[in-house]
Amino acid sequence: MMRGHIQNKRVEISDEEAKHFLKMAKVAHVATVDEEGFPYVIPLIYIFEEGKVYLHIGNIRDSHFWENIKKNPNVCIEVSEMGDLHPGKKYACQSALVYTSVVLFGKINRIEADEKKAWFFDCLLEKYGNPDWTFEREGYPILPKIELFEVQIDKITGKLNEGLMH
C-alpha cells in the first residue's frame, strides 16, 4: 500500500517532528471524496492538539465539504511550508526547493459539544490572533451555527527538504 509511504527516505522526518510541524503551521488542505469518486480539497485553519486535528466550518450546512464527509469520513490532510529555491549548479532542472510538509490520513468526526467548540475558538485565537485584542463581550454566541470536527489520525508522514545536497 502506498498510502503513508515516503519513497525518498533522505527527506523523511519522524512522527514527532511531523506533529511538531503540525502544531506550528497555519493552513491545512483537507481532501475528501464525493459520491462520484471525485476528490475535493479545501484550505482550512486548524488546531492540532491531543494528537488530533480540529477543523470547523461556519453556517454553510450545504457545502461540498460537509456533504462529502457525511457520506465518507475518510480524509487526507496536507500541511506545508515552502522555503527558498536553491538553483542547480549546472542545469535548472537540478534546482531544489526547501520545504517542510506533512500528510496525514484519518477519519473525521463531528463534535457537537459547545464546551469543545468554545475550547476550539480559544485555541484559534491563541494560535492566529493578537494577544492585544480586546472584545466588548466574552463568549461565542455563534457556537450553534458552527460545525466542529476532529480527525483521528491513522497514518502521518512528514518530509523536510533542506535544499541542494550536492
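These are my notebook entries on what I looked up in this predicted model.

**Ground rules.** I number residues from 1 along each chain as its sequence is written, and I work on side-chain values from heavy atoms, with hydrogens and water left out. Since the model is predicted, I kept to local features with pLDDT of at least 70 and to side-chain atom pairs at pLDDT 80 or more, while totals for chains, interfaces and linings use all residues.

**Confidence.** I looked up pLDDT (the predictor's confidence in each residue, from 0 to 100) and found that the chain averages 89, with 90% of the residues scoring at least 70.

**Helix H1.** I asked which residues of helix H1 (residues 15-24) are buried. They are Ala 18, Phe 21 and Leu 22, where buried means under 20% relative accessible area, exposed over 50% and partly exposed in between, with a 1.4 Å probe and protein chains only. Seen down the axis of H1, these buried residues fall within an arc of 105 degrees, so they line one face of the helix; the arc is that of the directions from the helix axis to the C-beta atoms. The face of H1 turned away from the buried side carries Glu 16, His 20 and Met 24, which are exposed.

**Strand pairing.** I then followed the pairing of strand S6 (residues 74-86), counting two strands as paired if DSSP finds at least two bridges between them. Strand S2 (residues 27-33) runs antiparallel to S6 and is joined to it by 3 bridges, with Ala 31 standing opposite Cys 76. S6 is also joined to S7, again antiparallel, by 11 bridges, and here Asn 74 stands opposite Lys 107.

Ser 101 sits in strand S7 (residues 96-111) and is buried, at a relative accessible area of 10%. Leaving aside neighbours within four places in sequence, I found Ser 101 in contact (heavy atoms within 4.5 Å) with Glu 78, Val 79, Ser 80, Thr 157, Gly 158 and Lys 159. Val 41 belongs to strand S3, and with neighbours within four places in sequence again left aside, Val 41 is in contact with His 29, Val 30 and Ala 31. From C-alpha to C-alpha, Val 41 and Val 30 are 5.3 Å apart in space, although 11 residues apart in sequence.

**Nonpolar cores.** I looked for nonpolar cores, meaning sets of buried Ala, Val, Leu, Ile, Met, Phe, Trp, Tyr and Cys residues joined through side-chain atoms within 4.5 Å. The largest has 26 residues, and those with the most contacts inside it are Val 30, Tyr 46, Leu 55, Phe 65 and Ile 77. At least two residues of this core come from each of H1, S2, strand S3 (39-45), strand S5 (52-57), helix H2 (64-71), S6, S7 and strand S8 (147-161). Apart from this core lies another, of 11 residues, among them Cys 123, Leu 124, Leu 143 and Leu 148. For Phe 65, leaving aside neighbours within four places in sequence, the contacts are Val 30, Thr 32, Tyr 40, Ile 42, Leu 44, Ile 57, Ile 108 and Phe 149.

**Salt bridges.** My search of the whole structure finds 7 salt bridges, each a side-chain nitrogen of Lys or Arg within 4 Å of a carboxyl oxygen of Asp or Glu. Lys 52 pairs with Glu 150, their closest N and O atoms being 3.8 Å apart; the pair links distant parts of the chain, with Lys 52 in strand S5 and Glu 150 in strand S8, 98 residues apart. Glu 150 counts as buried, at 13% relative accessibility.

The side chains of Arg 110 and Glu 147 meet at 2.6 Å, N to O, and because Arg 110 lies in strand S7 and Glu 147 in strand S8, the pair ties together parts that are 37 residues apart in sequence.

Within helix H2, Lys 70 and Glu 67 lie 3 residues apart, about one turn of the helix, and form a salt bridge with the closest N and O atoms 3.0 Å apart. Both are partly exposed, Lys 70 at 46% relative accessibility and Glu 67 at 27%. Glu 67, Lys 70 and Lys 71 are linked in a network of salt bridges.

Methods:
Helix = DSSP H or I, 4+ residues; strand = E, 2+ residues; numbered from the N terminus.
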